[in-house]
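Student: I would like to go through this model by question and answer. Please show it first.

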Amino acid sequence: MSSCSSRQTPCSFGSVSSSPPPSSAALQMINMLDSAAEQMMVYRDFQAVFDTCQRGLEKLAGTEDYRCTELKTGFCILGIQALAELNRWDGVLAWVLQQYERQEDIPAKIMQMCILLYSKVGEAAEMQEAASVWLNCPSNCGSAGFRTVAELYLLHILVPLGRFEEARQFIAGEVGGIAFAERKQAALNIVEEKAQQSQEAALRSGIHPGSEISAHPNSVKDAIIHKLEAMLRFLYRKVLTAGSGLFPLRRLFLIAVILYMLFSRLDPAAPSSFMWISKLCQLFKQMWRTTFGPYYQTLSQKE
C-alpha cells in the first residue's frame, strides 16, 4: 500500500512545497484529488467522486507517519459534497467520524461544512453534540476557523433550535469569550432579537412559548378543516335531494345544531379561528341561498 512522504513538510491542495520534493506517493494522492475535483465540477458524477475520495482516504489511512493533513481534508470536503448531491446527507457525520474517529479531531473547515449542511436540511440538532465537543476542546481554540465554528454553532444550531438560554450561556462562557471577545454584546443582541421574534410568532399562532406542540400544526388544522367541509357538503347534498315538497325542518335543525356546536367550540377572537369561521360561513350562505333562493324568487315574481 502506498504512503505519503514521512517528512514533516505539509502537503497542500494540488501543490507541494518545492523543498524537499514530493514523493511519488504524495504526487499520486494529489492527482487522485484533482481527478475527484474534475469529476465533481466537470462531469457531475457524484458517485465517482465519492468512490475516488474513499479510495484516497483508505490509502492515506494506511500510513504510519502521516503528515498530509490538507490532502485528507480535501478528500473529506469533496466526499461531503458528493454525499449531499446524492441525497445521502444523513450519513455525512458518521462518514466523517470514520476518518477522524473523534469529534474534536475534525478540522475546522469540515466542521463548518457539516454544520451548514445539517442546518440547511433542517436537522441542526444532529450537529449540536459534535460542535459542542469540538468547541470545548482546548486544542481547537487556537485553530484558524475556531471563531467561524462558534458563530455557526450559535446562529445555525442554538438559535434555530430555540435554545436561547443556552445561547446566552455560551456567549458569556469561556468559549464565547474566546470566539466573540469584543463582539459579545453584538452576539447577545442577535440572540435577544431572535428570542423576541420567536415569542411574538408563538403568541400570534396562539401557542405559548416553551409548550410542546406537534411538528406540523398547520397540516393538522388543514386536515380537520377538510373533514368539516366534507361533512357539511354531505349534509348540503342531502338537503338538495330532499325533493320539492315541504322542506325537512328536522334536517335544517340538525345542520343548525352542528354549526352551533362548531362555533361554540371556537374562539372568534383567536387569529387561528378566522379561517374556520370564514369557511363555515361561506358553506352556510351557499346552503341558505340554494335552499331558500327559489322561494324568494317566487315571492318577488308574485309581487
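Tutor: Buried means under 20% relative accessible area, exposed over 50%, and partly exposed in between, with a 1.4 Å probe and protein chains only. The model is predicted: local features need pLDDT of at least 70, side-chain atom pairs count only at pLDDT 80 or more, and totals for chains, interfaces and linings use all residues. Residues are numbered from 1 along each chain as its sequence is written, and side-chain values use heavy atoms, with hydrogens and water left out.

Student: Is Tyr 118 buried or exposed?
Tutor: Take its relative accessibility, which is 3%. The cut-off for buried is under 20%. Tyr 118 therefore counts as buried.

Student: What share of the 303 residues in the chain is buried?
Tutor: The accessible surface comes to about 18,500 Å², with 55% of it belonging to carbon and sulfur atoms. These areas come from the Shrake-Rupley method with a 1.4 Å probe; for residues, only the protein chains shown count as cover. Of the 303 residues, the buried share is 35%.

Student: Which geometry does the pair of Trp 89 and Tyr 118 have?
Tutor: Rings of Phe, Tyr and Trp (its six-membered ring) pair if their centres lie within 6.5 Å; planes under 30 degrees apart are stacked, over 60 edge-to-face, the rest tilted. The structure holds five such aromatic pairs. Here the centres are 6.0 Å apart and the planes at 85 degrees, so the pair is edge-to-face.

Student: Where do Trp 89 and Tyr 118 lie?
Tutor: The pair links distant parts of the chain, 29 residues apart. Trp 89 is partly exposed, at 22% relative accessibility. Trp 89 lies in the loop between α3 (69–85) and α4 (92–100), Tyr 118 in helix α5 (residues 108–120).

Student: Which residues of α8 are buried, and why are they on the same side?
Tutor: Helix α8 covers residues 164–172. An α-helix has 3.6 residues a turn, so residues three or four places apart point the same way. The buried residues are Phe 164, Ala 167, Phe 170 and Ile 171. They cover an arc (of the directions from the helix axis to the C-beta atoms) of only 115 degrees around the axis, which puts them on the same side of α8.

Student: Which helices do the buried residues of α8 pack against?
Tutor: Gln 169 and Ala 172 are on the other side of α8, exposed. For packing, contact means heavy atoms within 4.5 Å. The buried residues pack against α6 (128–135), α7 (146–158), α9 (174–180) and α10 (184–204).

Student: Which residues form one aromatic cluster?
Tutor: Start with the rings of Tyr 153 and Phe 170: centres 5.0 Å apart, planes at 70 degrees, so edge-to-face. Tyr 153 lies in α7 and Phe 170 in α8, so the pair ties together parts 17 residues apart in sequence. Phe 170 also contacts Phe 180, among others. The cluster is Tyr 153, Phe 170 and Phe 180.

Student: How far from the ring centre of Tyr 100 is Lys 72?
Tutor: A charge sits over a ring if NZ of Lys or CZ of Arg is within 6 Å of the ring centre and within 35 degrees of the ring normal. Lys 72 lies over the face of Tyr 100. The distance is 4.4 Å.

Note on methods: Helices (H or I, at least four residues) and strands (E, at least two) are DSSP runs, numbered from the N terminus.
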